[in-house]
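Here's a quick tour of a single-chain model, written for someone who likes to know the cut-offs. Have the viewer open and follow along.

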Amino acid sequence: MSNKVITIERHIIEEERASHGATGDFSALLRDLTLAIKMIHRDVIRAGLVDILGATNQENVQGEIVQKLDEYANSVIFRAMDHGGHLCAMASEENETLLKIPDAYPKGKYVLLFDPLDGSSNIDANVSIGTIFSIHRRVTDSGDGTEADCLQQGYKQIAAGYTIYGPSTMLVYTAGRGVFGFTLDPSVGEFLLSHNDIRIPEHKGIYSVNEGNYNKWAPEMRKYIDWCKQDIPEEDKKAYSLRYIGSMVADVHRTLLYGGVFLYPADVKSKKGKLRLLYEANPMSFIVEQAGGKATDGLGNRLLDIMPTELHQRTPLVVGSPGNVDEVESFLQGKRK
């Protein structure tokens, strides 16, 4: 039946069947993670009604004030994932050091990297926020996981995904065989397949960037943005539309569905970029590439090829439709004037 109802659990099982040599560990890991996401969804949608909003007056490793809901989401994911025997370690944007699996629980063959609540500065404004995750196969042999298990190039991810908590809650993920979106039906408590085999448009006249940083950018980036705003009849080009929410997961989600490009370039203040390579840039880039898009560091390098050297490494990011990313790169490399 073409209109069959497919839950995310059913989809995971069918993906497992299509993967030769699958043992079920990876599928169980994703099911545990889905449960954690449902729990976060439950409290995000009632956040204005309970005392979990606002700041804790503590800073995370990035020097940002930790929101109460960040703290809660971080704890939920760790507690949902620490005992299943599928992981050897975890790392979170909110924690300075590696999150070890408690000694009482078995250690598995995967590592989980996550941003528990991206866009949390928008919580009190009721703007869409999200959870981002990345899964790698461990590189050490056994026992407790180490930083080496986490510090892997993005193309080695075996799965990545994000959840966006908005007018509806949607989970988008890839296990390296296409990108699929599932929308949560609150009446039955299940994520149902709503976006099958997502493909990003080849090119779209849309760009997404924080133009408040314009004067801090390199001249080449400013030239690209100026070009975006122009009607150029001889190139049959109309001015592009600006779409910027200020919540990275929401901006990339919209770019994935509608096309265009999302940019977070380096600037004079953040010379190495601002986005976290392991928790934000790598998983979102993996998803976009699996949907037919491109992702670079704005310096001519494929983002997923970057070898990380520290858990909280930062990077510039240019991600989106391949035609748009190529345009940006042509300006940044001085090929366009």
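## Ground rules

This is a predicted model, so to speak of local features we need pLDDT of at least 70, and side-chain atom pairs count only at pLDDT 80 or more, while totals for chains, interfaces and linings use all residues. Residues are numbered from 1 along each chain as its sequence is written, and side-chain values use heavy atoms, with hydrogens and water left out.

## Overall build

Along the principal axes, the C-alpha atoms fill a box of roughly 65 × 50 × 45 Å. The radius of gyration is 20 Å, which agrees with the value near 20 Å for a compact globule of 337 residues. That radius is taken over C-alpha atoms, and the globule rule is 2.2 Å times the number of residues to the power 0.38.

Of the 337 residues, 53% count as buried. Buried means under 20% relative accessible area, exposed means over 50%, and partly exposed is in between (1.4 Å probe, protein chains only). The chain exposes about 14,900 Å², with carbon and sulfur atoms supplying 48% of that; the areas come from the Shrake-Rupley method with a 1.4 Å probe, and for residues only the protein chains shown count as cover. As for contacts (heavy atoms within 4.5 Å), 62% of those between residues at least 6 apart in sequence join residues at least 24 apart.

## Charges and salt bridges

There are 37 positive and 45 negative side chains, and the centres of the two sets lie 3 Å apart. Lys and Arg count as positive, Asp and Glu as negative, with His and the chain ends not counted; each charge is placed at NZ of Lys, CZ of Arg, CG of Asp or CD of Glu. A search of the whole structure turns up 15 salt bridges, each being a side-chain nitrogen of Lys or Arg within 4 Å of a carboxyl oxygen of Asp or Glu. One network of salt bridges links Glu93, Arg276 and Glu280.

Glu15 and Arg177 pair up at 3.3 Å, N to O. They sit 162 residues apart, with Glu15 in helix 1 (residues 8–18) and Arg177 in the loop between strand 8 (169–174) and strand 9 (179–185). Glu15 is buried at 15% relative accessible area, whereas Arg177 is partly exposed at 39%. Another salt bridge joins Glu235 and Arg336, with the closest N and O atoms 3.8 Å apart. Glu235 lies in the loop between helix 5 (219–228) and strand 12 (241–242) and Arg336 in the segment after helix 8 (322–332), so the pair ties together parts 101 residues apart in sequence. Glu235 is partly exposed at 43%, and Arg336 is partly exposed at 27%.

Most residues other than glycine have a negative phi. Asp197, though, has a positive phi near 50°. Asp197 sits in the loop between strand 10 (190–195) and strand 11 (206–208) and is partly exposed, at 39%.

Asp236 also has a positive phi, about 55°, without being a glycine. Asp236 is in the loop between helix 5 and strand 12, and is exposed at 72% relative accessible area.

Terms used: Helices (H or I, at least four residues) and strands (E, at least two) are DSSP runs, numbered from the N terminus.
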